[in-house]
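Reader: I would like a close look at one part of this protein, the charged side chains that pair up. Please take the pairs one by one, then turn to what lies around them.

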Amino acid sequence: MFRKQVQNIHLLFVALTLQCASSTISMTDHCGSTITVLGDRLLSQTSQFYVDNLDCTLVLTTPSNYNTIVLDFEWVDIEQGPTGTCYDYLEVYAGPEVRYDKLGLTACGQSLERYEMNSPGTSFTLRFVTNFTVVRQGFSLIVTSYNKAVDESCSDNNEYYCNNFRCIDESLLCDCKDNCVNNHDEEDCDIVCETTSVASSKGGWQRYQIVIIAILIIAL
């Protein structure tokens with residue numbers, strides 16, 4: 001009986017670990033890579049602060065059945081000078097390389113909460129650059145692939161209509177990430193999500209550890 005409980009707890013631990021890993025991507029763990037994204041949270045790094053002297057690029061691309069990516073900035077905490085100069089910065093390019101057109105503004109400081117960018121094609125390239133002085137907490141983005149809705153409906157039965165002319169994969173419903181960007185996919189959900197902030201996003205794995213410890217105590 002005890003061995004069976006331990007086996008069940010181990011399976012739950014693995015499931016929670018996979019859930020955490022599959023829904024969150026660390027940019028600095030994938031420098032120079034191309035990642036296909038369906039609907040993920042992209043953090044600058046897994047540690048509390050990013051490192052000095054970094055020049056990291058990451059290509060994000062849609063699955064074959066989607067044609068656009070939206071980047072939704074949850075928060076930004078990147079070093080900025082007193083006159084507004086970006087000492088460290090995040091840039092976004094329209095396409096699979098940095099030689100393509102740079103989109104929007106250069107991200108730094110702490111002023112981009114809920115800022116949204118849409119890809120003109122099926123990919124974005126992100127470039128994160130840091131200097132040798134102050135390090136801060138980086139950024140958190142929600143990255144979602146979607147199709148444009150026709151006549152306020154989705155052509156695929158496995159898609160969910162966001163009520164803003166976007167169709168996302170229905171597996172993204174109620175996952176504590178605002179993939180629709182208007183929070184339509186997180187309404188009427190039977191789960192409680194914590195508010196994402198600079199502090200709370202960095203504590204995701206610690207919250208899983210607390211849950212696992214609590215389950216161990218109850219089971220034993």
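Author: What follows goes through the salt bridges, then some residues in their surroundings. The model is predicted.

Start with the count. A search of the whole structure finds seven salt bridges. The general idea is simple: side chains of opposite charge can pair when their charged atoms come close.

Take Arg 136 and Asp 77. They form a salt bridge, and their closest N and O atoms are 2.7 Å apart. This pair links distant parts of the chain. Arg 136 sits in the loop between β9 (123-129) and β10 (138-148). Asp 77 belongs to strand β5 (residues 68-77). Asp 77 has a relative accessible area of 4%. That is under 20%, so Asp 77 counts as buried.

Gln 80 is found in the loop between β5 and β6 (89-93). With 38% relative accessibility, Gln 80 is partly exposed. Which residues does Gln 80 contact, leaving aside its neighbours within four places in sequence? They are Thr 85, Tyr 87, Cys 108 and Gly 109. The side chain of Gln 80 also reaches a backbone oxygen, that of Gly 84, at 3.2 Å.

Next come Arg 99 and Glu 97. Their side chains meet in a salt bridge, at 3.0 Å from N to O. Arg 99 has 61% relative accessibility. That is over 50%, so Arg 99 counts as exposed. Glu 97 is partly exposed, at a relative accessible area of 38%.

Now Arg 166 and Glu 116. In this salt bridge the closest N and O atoms are 2.3 Å apart. Arg 166 lies in strand β12 (residues 166-169), and Glu 116 lies in strand β8 (residues 116-118), so the pair ties together parts that are 50 residues apart in sequence. Arg 166 counts as buried, because its relative accessibility is 12%, which is under 20%. Glu 116 is partly exposed, with a relative accessible area of 32%.

Glu 116 leads on to Gly 104. Between their C-alpha atoms there are 9.6 Å in space, and the two are twelve residues apart in sequence. Gly 104 has its place in strand β7 (residues 102-107). Not counting residues up to four places away in sequence, Gly 104 touches Tyr 115 and Met 117.

Last, two backbone angles away from the pairs. Most residues other than glycine have a negative phi. Where does Glu 152 lie? Glu 152 is in the loop between β10 and β11 (159-161). Its phi is near 60 degrees, a positive value in a residue other than glycine. Cys 174 also has a positive phi, near 55 degrees. The place of Cys 174 is the loop between β12 and α2 (198-201). Cys 174 is partly exposed, at a relative accessible area of 31%.

Key
Residues are numbered from 1 along each chain as its sequence is written. This is a predicted model: local features need pLDDT of at least 70, side-chain atom pairs count only at pLDDT 80 or more; totals for chains, interfaces and linings use all residues. Side-chain values use heavy atoms; hydrogens and water are left out. A salt bridge is a side-chain nitrogen of Lys or Arg within 4 Å of a carboxyl oxygen of Asp or Glu. Helices (H or I, at least four residues) and strands (E, at least two) are DSSP runs, numbered from the N terminus. Buried means under 20% relative accessible area, exposed over 50%, partly exposed in between (1.4 Å probe, protein chains only). Contact means heavy atoms within 4.5 Å. A polar contact is a pair of N or O atoms within 3.5 Å; within protein, one must be able to donate a hydrogen and the other to accept it, and residues adjacent in sequence count only if both atoms are side-chain atoms.
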